[in-house]
Amino acid sequence: MVFSSLIFLVIFLPITLLVYYIAPTKLRNLWLLIVSLIFYSWGEPVYILLMLFSILLNYVSGLLISASKKDGYRKLFLIISVVINVGLLFVFKYANFTIGTYNVIFGKHVHLLNIALPIGISFYTFQAMSYVIDVYRKKVEGNKNIINFATYITMFPQLIAGPIVRYKTVEKQLRDRKCTVDDFYQGIIRFTIGLGKKVLIANNIAIIFKEISAMPKEQLSTSLSWLAILAFTLQIYFDFSGYSDMAIGMGRMLGFHFLENFDYPYQSKSITEFWRRWHISLSSWFKEYVYIPLGGNRKGLPRQIFNIFIVWLLTGFWHGASWNFVLWGVYYAILLIIEKLFLRKLLDKLPSIIGRIWTIVAFVSGWAIFVLDDLKHRGDFIKALFFNAQKGLVDHHTAYLLLSFGALIVIGIIGSTSAPKKLANKLLGRNVAVKSIVQMLFVVVILGLSIAFIVSDTYNPFLYFRF
């Protein structure tokens, strides 16, 4: 699916755009819908029916809520819609996890469901629910045009790995949007940056983590363990932010302006700031549709702490049906609560470098919890992060990997900050002609290298496809 998706995006995107621009304005959403359904069914032909059901469910729910004048009926239709949406998500994503946990706790042997996880179900389900909830809150009107609504749910640029686009941010664009030369130009640049992030950096740096994490615990030195987590830290950033860049770029080429999903999170000075910069669409979704309805920070400190814990428990579950994601969510809930109670005020008084170090250590350690789903292996790995009596602090394998991938790691570290962008702006200045030439050369080189790597590379899925 993933190799096919990349091929689709790189090879068939020009065909999609050509037909899109030729088509009359009134038919462009229909063409996008057709292409998006083809794109999804390319790897998930069976679950296209599930997506169509989700579209119909939420389309009808939005109309019923919008048309109802009595609050009781409006609330009833909202509850029915949310329950079915969450129910579908539970069955396909969490049923086996629940059955497996039940079997372990009670010593039973209930058979697991023989169903695969539909790609991107968490993303399009959250988009659909945000629409229905916003209709209920009277922030948007129920969309009577099912083609426009289905286009919103299925839009292929961000369909399978986000960002989570809320209906109210694209409502007007679905009805009327302009496709300018500047939008197309900026979209190509943004798409190419994202493709390069994924194919040239994330896929190659993933080799380090894959190799080290497959080693038995006896061979893990402290330096190897930290190198593995550092590699995954860079991999997941360039993988996920790369996909977001590609989605935003493709959307821009189609006349859509999606909100940003990443804002250089690795240069944050606190965990609170980190989560304002990482996966912004998910953080803002939970804030608006869970945290604030629970009371937010309006009902006293104890209630606020409880709300933070609930939000992050759900955030962990959203990422996957596995205990490592639950632990990861609880881990961040604890860190955010600690910052809320006293640490954030202390960090504000100290030099900013202290806050940056604290944040880096925290999120790098967090990725160790996130990525290792085997409890025993995770325990052995985390122990090795501090010391392995059999292998010690440093070994020759670490030196070998650093010599082989050192340049890529340095590029990844620098590239995860805003430094390259600032440097480019400073060097190119305001000379529009020079800037355009350099940007086009950049696009040609990165796109050419990326296509070469795609053709010759093995199966390398986007990490967030499974969510």
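Me: The expected span of a helix is taken as 1.5 Å times one less than its number of residues. What span should helix H9 have by this rule, and how far apart are its end C-alpha atoms?

Reply: The model is a predicted one, and the rule can be applied to its coordinates directly. Helix H9 covers residues 222-253, which is 32 residues, so the rule gives 46 Å.

Me: Which residue with a positive phi follows H9?

Reply: Gly255 follows H9, and its phi is positive, near 95°.

Me: How many of the residues of H9 are buried?

Reply: A residue counts as buried when its relative accessible area is under 20%. In H9, 29 of the 32 residues are buried, so this helix is largely enclosed by the rest of the structure.

Me: How does the span rule work out for helix H14, and which of its residues are buried?

Reply: Helix H14 runs over residues 352-371, and its 20 residues should span 28 Å. The end C-alpha atoms of H14 are 29 Å apart, which agrees with the rule.

Me: How many helices and how many strands does the protein chain contain?

Reply: The protein chain has 18 helices and zero strands. Its radius of gyration is 23 Å, close to the 23 Å that the globule rule gives for 467 residues, so the chain is as compact as a globular protein of that length. The C-alpha trace spans about 70 × 65 × 50 Å along its principal axes.

Me: What share of the residues is buried, and what share of the contacts joins residues at least 24 apart?

Reply: Buried residues account for 51% of the 467 residues. Of the contacts between residues at least 6 apart in sequence, 78% join residues at least 24 apart. As for the surface, the chain exposes about 22100 Å², and carbon and sulfur atoms supply 69% of that area.

Me: What is the general idea behind a salt bridge, and how many does the structure hold?

Reply: Side chains of opposite charge can pair when their charged atoms come close. For a salt bridge, a side-chain nitrogen of Lys or Arg must lie within 4 Å of a carboxyl oxygen of Asp or Glu. The structure holds 14 salt bridges.

Me: Where do Arg175 and Glu171 lie, and how many residues apart are they?

Reply: Arg175 and Glu171 are four residues apart in helix H7 (residues 167-175), and therefore about one helical turn separates them. Their side chains meet in a salt bridge with an N to O distance of 3.6 Å. Arg175 is exposed, at a relative accessible area of 55%, whereas Glu171 is buried, at 17%.

Me: Which helices does the pair Lys197 and Asp245 tie together?

Reply: The side chains of Lys197 and Asp245 meet in a salt bridge of 2.8 Å, N to O. Lys197 belongs to helix H8 (residues 181-213) and Asp245 to helix H9, so the pair ties together parts that are 48 residues apart in sequence. Lys197 counts as buried at 14% relative accessibility, and Asp245 is buried at 7%.

Me: Which residue does Lys198 pair with?

Reply: Lys198 forms a salt bridge with Asp239, and their closest N and O atoms are 2.8 Å apart. Since Lys198 lies in H8 and Asp239 in H9, this pair ties together parts that are 41 residues apart in sequence. Lys198 and Asp239 are both buried.

Me: Which residues are linked in a network of salt bridges?

Reply: The network links Arg137, Lys139, Arg166, Lys168 and Glu288.

Me: Which residues form the nonpolar patch on the surface, and which elements give two or more residues to it?

Reply: The patch includes Phe12, Ile15, Leu30, Ile34 and Trp42, and its residues together have about 880 Å² of accessible area. Helix H1 (2-22) and helix H2 (28-43) are the elements that give two or more residues to it. H1 provides the largest share, five residues.

Me: How exposed are Phe12 and Ile34?

Reply: Phe12, in helix H1, is partly exposed, with a relative accessible area of 32%. Ile34, in helix H2, is partly exposed at 37%. Ile34 and Phe156 are 122 residues apart in sequence, while their C-alpha atoms are 9.8 Å apart in space.

Notes: Residues numbered from 1 in each chain as written. Predicted model: local features only at pLDDT ≥ 70, side-chain atom pairs only at ≥ 80, totals over all residues. Heavy atoms only, no water. Patch = residues over 30% accessible without salt bridge, like charges linked within 9 Å, V, L, I, M, F, W, Y side chains within 5 Å. Areas by Shrake-Rupley, 256 points an atom, 1.4 Å probe, with all protein chains shown as cover. Buried < 20%, exposed > 50% of the residue type's maximum accessible area, 1.4 Å probe, protein only. Rg over C-alpha atoms; globule rule 2.2 N^0.38 Å. Contact = heavy atoms within 4.5 Å.
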